[in-house]
Amino acid sequence: MSSGKRPAGLEPVDGLESVDGLESVDYVETFIAAAEDCPVEAGTEPPRHLERPSIAARTYEMIATRPYRFTSADVLFGVFADRRGIAAGERAAARAAFFARSQACLRASDLGRRYGWGLHADAAGRVAIYGRESPEYAALLAGQRPQGAEGAGPVRVVRAMRRARAGGTAAGRAG
């Protein structure tokens, strides 16, 4: 994350970038609700361009086809590595280099900003997505864990980042 602050829901990390296998971009027991200015009312699959799928399409596919299998860090790095064609044998070193630099978390993903998805990270930091129209989304928004998700206690709720600055446009204010 560019601000240097840990996102709400991430356990403290005594000066290290990871703890118990989690990276600084990972959330636990947290629901990232769709942005307040998200333009759609229901989860919508991002368009998939056959030659070069977008980051949003790759992220969607990775999480939607395997809910609660990957952490946010796994998803962010997996999409990066796939887009760059990094070979399997080179991924461990590439992952270390990737997380040596500050990275945006899934709050910045177009899934929650543009396509109407909420992302839930369970107690182990593994993520799944739920459309705004779903009963699971409503339960998570109320701080309740969906059936089958690991963990105990309430779920912390944060919003995806807004698409535009408050009172301005995505490009900023003129003049």
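Look at α3 first, where Ala-92, Ala-93, Ala-96 and Ala-100 are exposed on one side. Exposed means over 50% relative accessible area, buried means under 20%, and partly exposed is in between, with a 1.4 Å probe and protein chains only. Helices (H or I, at least four residues) and strands (E, at least two) are DSSP runs, numbered from the N terminus.

Before going on, a word on the source. This is a predicted model, in which local features need pLDDT of at least 70 and side-chain atom pairs count only at pLDDT 80 or more, while totals for chains, interfaces and linings use all residues. Residues are numbered from 1 along each chain as its sequence is written, and side-chain values use heavy atoms, with hydrogens and water left out.

Back to α3. Which of its residues are buried? They are Ala-94, Phe-98 and Phe-99. Seen down the axis of α3, these buried residues fall within an arc of 125 degrees, so they line one face of the helix. The arc is taken from the directions that run from the helix axis to the C-beta atoms.

Now the core. A nonpolar core is a set of buried Ala, Val, Leu, Ile, Met, Phe, Trp, Tyr and Cys residues joined through side-chain atoms within 4.5 Å. The largest one here has 31 residues, and those with the most contacts inside it are Ile-32, Ile-63, Val-75, Phe-77, Leu-111, Leu-119 and Ile-129. Two or more residues each come from α1 (55-64), α2 (72-84), α3 (91-100), β4 (117-121) and β5 (127-131). The largest share, 7 residues, is from α2. Apart from this core lies another, of 10 residues, including Phe-31, Ala-34, Tyr-68 and Leu-140.

Take Ile-129 as an example. Leaving out residues up to four places away in sequence, Ile-129 touches Tyr-60, Ile-63, Ala-64, Leu-111, Trp-117, Gly-118 and Leu-119. Contact means heavy atoms within 4.5 Å.

On a 1 Å grid over the protein atoms alone, a cavity is a set of points where a 1.4 Å probe fits but cannot get out, and a pocket is an open set with protein on both sides within 12 Å along at least five of seven lines; lining residues have an atom within 4 Å of a point.

How much space lies in the largest cavity? About 30 Å³. Its lining is Tyr-27, Thr-30, Ile-32, Ser-72, Leu-106, Leu-119, His-120, Ala-121 and Val-127. Of the elements, β3 (30-33) and β4 give two or more residues to that lining, and β4 gives the most, with 3 residues.

The largest pocket holds about 310 Å³ of space. Its lining has 16 residues, of which Ile-55, Thr-59, Leu-76, Val-79 and Ala-104 lie nearest the centre. Both α1 and α2 give two or more residues to the lining, with α2 giving the most, 5 residues.

Last, two backbone angles. Most residues other than glycine have a negative phi. Glu-29, in the loop between β2 (22-23) and β3, has a positive phi, near 50 degrees. At 17% relative accessibility, Glu-29 counts as buried. Tyr-68 lies in the loop between α1 and α2, and its phi is also positive, at about 60 degrees. Tyr-68 is buried, with a relative accessible area of 18%.

Definitions and conventions
Points joined across faces, edges and corners; volume = space filled by probe spheres on them.
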